Amino acid sequence: MRAIALVVVCALWGCAGNVELDREVLRRRCEKFCPSNAHHDWCQQNCVAEPVSNDAGSAIDSAPRGDLRQRDSDVITSDRGKPRIDSNVAIRDGGTVSDSAQAPVDVWIAPDLPPLADGSVGCPGNVAASYRQANAAYLRLSYYTSETEAELLIFSRSSGTADISGAITRSNQPLCAGENRVALPIAALASGQYPLTVTIRSDQTTQVQLTLSKLPPQTSGNTVQIDRYNHSVRLNGQPIFPFGAALYWSKSVASMQGVFNTIVRWDTLYSCANGSISPTEAAQNDWLFDEANRLGLKVIDRLDQSRPWWSYAKPDTSFMATFNDWLAHDVPEILAVTKHNRALLALMGFDEPALNERLDQAKIAVETFKQHDPYHPAFNNYAHGEGVELPQTANEDGISDYIYMTPSGSRARRVASMVDRTVSFAHRQNKFAWIMPLSEENVDGAYAPLTASEQMANTYLMFTGSAAGIYYFIWPAMHRQTYDVIKKLGGEANTLAPALLRRSPSSSTSVTVEPAEVLPAIRTRLTSMPDGTPILLVVNMEDYPIDVSFTLPWVPTDAHLQGMFGRGISDQALSGRAFSERLEALGTRAYRIAGARIVANQIDHPIAIREVHPSGAHHLTEMLQNTSFEGDGFWSTNRPGAVSYDSSRAYLGSRSIRIERANVGDEYVAIKSVKYTLAPNHRYEYGAHVLSNITSYPSGTNWSGVSVLLRASSGSAFEPPIAAAPRKNGVWIDRRQEFRTYDQPIEVHFEILAMDNAGSINVDKVFLRDMGPQPPQSTSKNRLDNSSFEHTRLPGWPVRWHPEGYDPFIRNTFLGDADAPFRLDAQNPYHGKYSLRIEGGSRSQGYVSSVHSRPDRRWGHGIPVTDGKSYTLSFYMRAQSSGTSVTVSANGIAQQSYSLSTNWQRYVLTGVRSGGGVPGYTYLAFDTPTAKSVVWIDAVQFEEGSVATGYVDPPYHANYPDP
């Protein structure tokens, strides 16, 4: 039996050629894993002939040695013989985790891999390694300084051998199927760049070219290395989970202390002279680094902020001249100072480079950053996956991506999908993925601020998706509830960081959903703390409660489930290795499984999930068949010769569908689905992911020539909006639209239409989803939703109305507070229960300079209007002091100033729509510039025509579920 066990362990863990060593490795792993998992197949196969101790201290090996692993000073042995972490982090008492919501700190994790003797080989990783399809090799750290060993990880599709040549030479290193480790001695190497060639011989022969980078230790500043095995970063040897925010509007960095551990420089500029920044100027004028150091915060420095006037420009001749001057002067002078600063964590270049087709310049910028500062990761910041492709990001150290959630459960699925793609893309390249969600609402077009449950779910979607860092856009948030929930999330991120920064173990998930046709809504991630204690993270993506059961067949029979952070189950025995709980709408959970241990990533830890969705809820379903073109059928085309499957490019899955047009004047290509029926008075979402490689296009065209649309089969007047994809070569674009139907059902087909441009278009992951019933279409003459300020999502903040540029930290007064300068007032309203009370004046002094109807700009969905028609805006206002001036405007229609009295009075503004703002829409603005002026507004009406008629409060129609 022992001989069989040794054969199995060779296959699983790799063989160094030393049988006694193999026995010792096997014995130690049996001691670690099998006391609480003796039922597991691996234990039954490998450990039955070995002595297995049940001693409480045997679950943890003695502290490994070596610069890449735990240091002696990091481990303190408790009376029970279990290690615990030093008291400056949130792991204490024999490895248990404190649930107290602490401010984030720099945290480190115990070694995720067992130690290796020099030159030995082990197989630590996931044998399945599902994100790898071919032989591969990489060095664990992005660079080395004082380490005595480098770790080479080799993925082999089957057992075999590897040869290493270059500065370090090895021959016939044995390989197991999966990921193998090889320790390379580097103490004798001087600082420099060392090419390595790794030849992998398994079921096929693969040669991989690597460069081992060794840098001299930093004498000042930070050493920030990428841990490619765990897809995270190490700050001065200690892994860190950046939990931060983009510093926006305010220079009050102190507002971030106790909430975040990281700042992203945003619209806070360097002091410049003559178009460049000298070291002296940077040292004297960069208050951001001074404040960050004072408060113990780290900085992700967005370097294009030193040239803000071209940040969003297209790369024309003028841009390129400025860009080249920036690279030659600003960048080296900035980095000459900041790379030595203890606050600096990473370097961010362009924001949304795909937006204005600056991808080539973004690549050059990152390379320049790395030349002048090799000690800090460098990357650009993308938007919802646009530009996140290998040709654009190959030289970036990590992938950073905006991923926004606006209200509704369907959008939670969109967030999950985008997180999965971004993280998967990063992990395939052994990079970290950092994600930027919204802190509260998008400055330029959110439908409404996120509620507490939406923000919790949004952030936990990042946690469950294996993001290695989060920084919110924007900060500061304006509402007290937002501040409190993000502060709570900061404490939870700090507590979970040791698990979030570890590679997750293999965990196959099976899901049963009732009713069967409903899309699954429960998202999970299994990971573990440094002592092996399993952590299960869970999110309900729906906006209704779901009864969920989990079965974990690998846990011991006496394991206990411990709910963390005061949500859900507090402590419960896992009877039958299973548990059940009702997850509230957008509910989040973090469970600790006490009494179990995860010690081997490559052993599968299956999870069976059963979701029972309530019968009274609207169940989200995917209406289309064959949405990713992985199979055949359900689609047809007018030009079969121009359409093919493409296995080389896919958004998700193994292939996409490809459309080719050789010439601009060629016949259009249409791909049509079978017919589907849309229900009356329902809201729908539809779209596709599009990648274009355009070779020629008509003059002035900036579109890919592909449109995604729904076409009525009967030829009726039904015309939902078209999702047209911009011309961005080689970049996957997520194009989607929402619309509502009216009083009759309608039969449609989904269509992908390519015309005008020449070249190729790839389309993948199409979708059509019924998002639920809507009230019948309003026929009210008043086109304003929430015109009397009666409806809120966050207390005191009326939906569809927004205070422009308010910074709550100036006076330490948040929206939602009783004395907020923008709030609902139940005293003496003109209509209904509330009016809107505003304290006007300079926003730099903590007042509200302007109030807008929302959404207002960029994304549309404002008040519908038609150019050339007359419109009238009427509203009731009063002021605390007679003579208070307020300027009111309807964008593109009219503007006028009014002198108010202390009594309610109706005011009227009329004009003809002449363009301006978003085509086809307008928005309203109430500008209150008078210092400390107090104004009340109520009963606002916007109607077609040149005369104000009697006020009507129309039925409220939210495009998202209210809490």
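**View 1. Trp 326 and its neighbours.** Leaving aside residues up to four places away in sequence, Trp 326 touches Leu 303, Asp 304, Ser 306, Arg 307, Trp 310, Val 331, Pro 332, Phe 350, Ala 365 and Phe 369, where contact means heavy atoms within 4.5 Å. A word on what you are looking at: this is a predicted model, in which local features need pLDDT of at least 70 and side-chain atom pairs count only at pLDDT 80 or more, while totals for chains, interfaces and linings use all residues. Residues are numbered from 1 along each chain as its sequence is written, and side-chain values use heavy atoms, with hydrogens and water left out.

**View 2. The largest nonpolar core.** This core has 89 residues, and those with the most contacts inside it are Phe 260, Trp 326, Tyr 460, Phe 463, Trp 475 and Leu 496. Its largest share, nine residues, is supplied by helix α11 (residues 480-500). A nonpolar core here is a set of buried Ala, Val, Leu, Ile, Met, Phe, Trp, Tyr and Cys residues joined through side-chain atoms within 4.5 Å. Buried stands for under 20% relative accessible area, exposed for over 50%, and partly exposed for values in between (1.4 Å probe, protein chains only). In soluble globular proteins, nonpolar side chains tend to be buried together.

**View 3. Helix α11 and its kink.** Because 16 of its 21 residues are buried, α11 is largely enclosed by the rest of the structure. At Asn 494 you will find a kink of about 40°, shortly before the proline Pro 498; the bend at a residue is the angle between axes fitted to the seven residues ending there and the seven starting there. Helices (H or I, at least four residues) and strands (E, at least two) are DSSP runs, numbered from the N terminus.

View 4. The 13 residues of α10 (residues 452-464) reach 18 Å from first C-alpha to last, close to the 18 Å expected at 1.5 Å a residue; the expected span is 1.5 Å times one less than the number of residues. Eleven of the 13 are buried, so α10 is largely enclosed by the rest of the structure. Among these buried residues are Glu 454, Asn 458, Tyr 460 and Phe 463. Just after the helix, Ser 466 takes a positive phi of about 70°.

**View 5. Helix α7 and its packing partners.** The end C-alpha atoms of α7 (residues 359-372) are 20 Å apart, in agreement with the 20 Å that its 14 residues should span at 1.5 Å a residue. Leu 359, Gln 361, Ala 362, Ala 365, Val 366, Thr 368 and Phe 369 are buried. The buried residues of α7 pack against α6 (317-338), β19 (344-351), β20 (378-383) and α8 (390-393).

**View 6. Salt bridges between separate parts of the chain.** The whole structure holds 40 salt bridges, each a side-chain nitrogen of Lys or Arg within 4 Å of a carboxyl oxygen of Asp or Glu.
- Arg 201 pairs with Asp 163, their closest N and O atoms being 2.5 Å apart. At 36% relative accessibility, Arg 201 counts as partly exposed.
- Arg 655 pairs with Asp 632, with closest N and O atoms 3.4 Å apart. Arg 655 counts as buried at 16% relative accessibility, whereas Asp 632, at 60%, counts as exposed.
- Arg 913 pairs with Asp 867, and here the closest N and O atoms are 2.9 Å apart. The pair ties together parts that are 46 residues apart in sequence. Arg 913 is buried, with a relative accessible area of 2%.

**View 7. A network of salt bridges.** Arg 140, Glu 151, Arg 181, Asp 227 and Arg 234 are linked together through salt bridges.

**View 8. Ile 546 in strand β27.** Ile 546 is found in β27 (residues 546-551) and is buried, with a relative accessible area of 0%. Residues touching Ile 546 include Ala 521, Ile 522, Leu 583 and Val 612. Arg 610 is 64 residues away from Ile 546 in sequence, and their C-alpha atoms are 9.9 Å apart in space.

**View 9. Confidence along the chain.** The protein chain has a mean pLDDT of 82, and 82% of its residues reach 70 or more; pLDDT is the predictor's confidence in each residue, from 0 to 100. Confidence is lowest in strand β3 (residues 91-92), at a mean of 22, and highest in strand β50 (residues 870-879), at 98. Over residues 1-26 the pLDDT is below 50, and this stretch has 42 contacts in the model beyond near neighbours in sequence. Where pLDDT is low, the predicted coordinates should not be read in detail.
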